[in-house]
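Me: I have a structure open here and I am new to it. Could you walk me through it?

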Amino acid sequence: MLITGISQLVTNFSGVPGDLGIIRDAAVVITDDTIAWVGPASDIPRIHRDAEVFDVGGRAALPGFVDAHTHLVFAGDRSDEFARRLRGESYEQILAGGGGIHSTVAATRAASLLQLTAVSLARAQRMLRSGTTTVEVKSGYGLTTDDEVRILQVAEGLQASGISVVPTFLGAHVPDRGADRATYVDLVIDEMLPAAASHAEFCDVFCDRGAFTVDDSRRILGAAAGHGLGIRMHAEQLAHTGGAALAAELGVASADHLDHATPEDAAALASAGVVATLLPASSFSMRSPQAPGRMLWDAGVTVALATDCNPGTSNVESMPLVIALACLEMGMTPEEAVWAATLGGAKSLQLTDRGRVASGSLADLVILDAPSYEHIPYRPGTDLVSRVMKAGEWVG
Ligand code: NIG
Ligand code: FE
């Protein structure tokens, strides 16, 4: 297929953070699920000229969004806690009182496989329609071996929607209600990890005040690496507890949230080559200060953007909204935010076959109902996604 009429194409060709590699009046040739050729419409090689033509009519195109941090497999919702937080209660008070993550764990355990699959699939389908072609999905609302594995199996099943799923084991989300933390860490290492490893690509730990310590996290992630899993972390979200320094020490793929990261953390992450996956919709929904995205970027850290889709801190599915928040609330430029939501996300998940519109990349594309990518942060809340292509097929 030959796609023409692209007013502005984001290619991310160079791989340099923030360099969108824009081509004006562009064309893209797709063969099966792969991009075969990209360039100005005036240069289409002769061999591609009789391909089936799809004219997008002067719209902008960019790589499909890579949402590198979600907890999208959950049942129930926490709109009641959301309203309590708006009246002044804190997230940590609600969690310590047995609510928060624990209420979602109870609802998720109580849901049948069919119910859990249906609500999660609906989320994945809405994400795909809003331009997300690859999504990372964490477990973490099971907290027993069987419940954690069940969530990872539901996550795998979401590929039926067409979206690519990268499953992550997050048994170390919080210790199960009533469990002793040290005993729970042993359970994660001795029982959950061996059972979950074949269902996941990464292992994550919620290293924070009220969740797991740096020492717990070091043990769990070390064991996960021994099972051949990639490793990533929730770090410095609620308080500064040393998670970013551990992320750099272990050379994890990505340190996420980083709301309380310091310039020293930034220097360590940059020199260790750890991606910072930032979640501006989470701080927005929590009404807490944003992560220092500008400082991290300027310190040379590779930045990704993601939704953190979950029922507690960020019931957000839309990467265009995340791009808008990164620009308007975190001080990133439109170029940086669009790069971080596409190639940045691919780097966070260590995927080398996507995040670019380049020959040989997976044919994952977003066509905007707008002439340029700047319209994404400029028009927050307006659905600007005209069409979505996943692996060479129009899916939305
Ligand atoms: O990324 N920080 C830990 N986990 C989620 C919140 C989970 C929940 O509240 O249900 C997060 O913000
Ligand atoms: Fe999270």
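Reply: Here are some notes on the ligand and on the aromatic rings. This is a predicted model, where local features need pLDDT of at least 70, side-chain atom pairs count only at pLDDT 80 or more, and totals for chains, interfaces and linings use all residues. Residues are numbered from 1 along each chain as its sequence is written, chains are lettered from A and ligands numbered from 1 in the order in which they are written, and side-chain values use heavy atoms, with hydrogens and water left out.

Me: How many residues surround ligand 1?

Reply: There are 15, and the closest are Arg78, Tyr91, Tyr141, Gln237 and Thr313, where a residue is near if one of its heavy atoms lies within 4 Å.

Me: Which side-chain atom of Thr313 is 2.6 Å from an oxygen atom of ligand 1?

Reply: An N or O atom in the Thr313 side chain, and a polar contact is a pair of N or O atoms within 3.5 Å. For Tyr141, an N or O atom of the side chain is likewise 2.6 Å from an oxygen atom of ligand 1, while a polar side-chain atom of His173 lies 2.8 Å from a nitrogen atom of the ligand.

Me: Switching to rings, how many aromatic pairs are there?

Reply: The count is four aromatic pairs, taking rings of Phe, Tyr and Trp (its six-membered ring) with centres within 6.5 Å, and calling planes under 30 degrees apart stacked, over 60 edge-to-face and the rest tilted.

Me: Why is the pair of Phe74 and Tyr141 edge-to-face?

Reply: Because their planes are at 70 degrees, with the ring centres 6.4 Å apart.

Conventions: A polar contact is a pair of N or O atoms within 3.5 Å; within protein, one must be able to donate a hydrogen and the other to accept it, and residues adjacent in sequence count only if both atoms are side-chain atoms.
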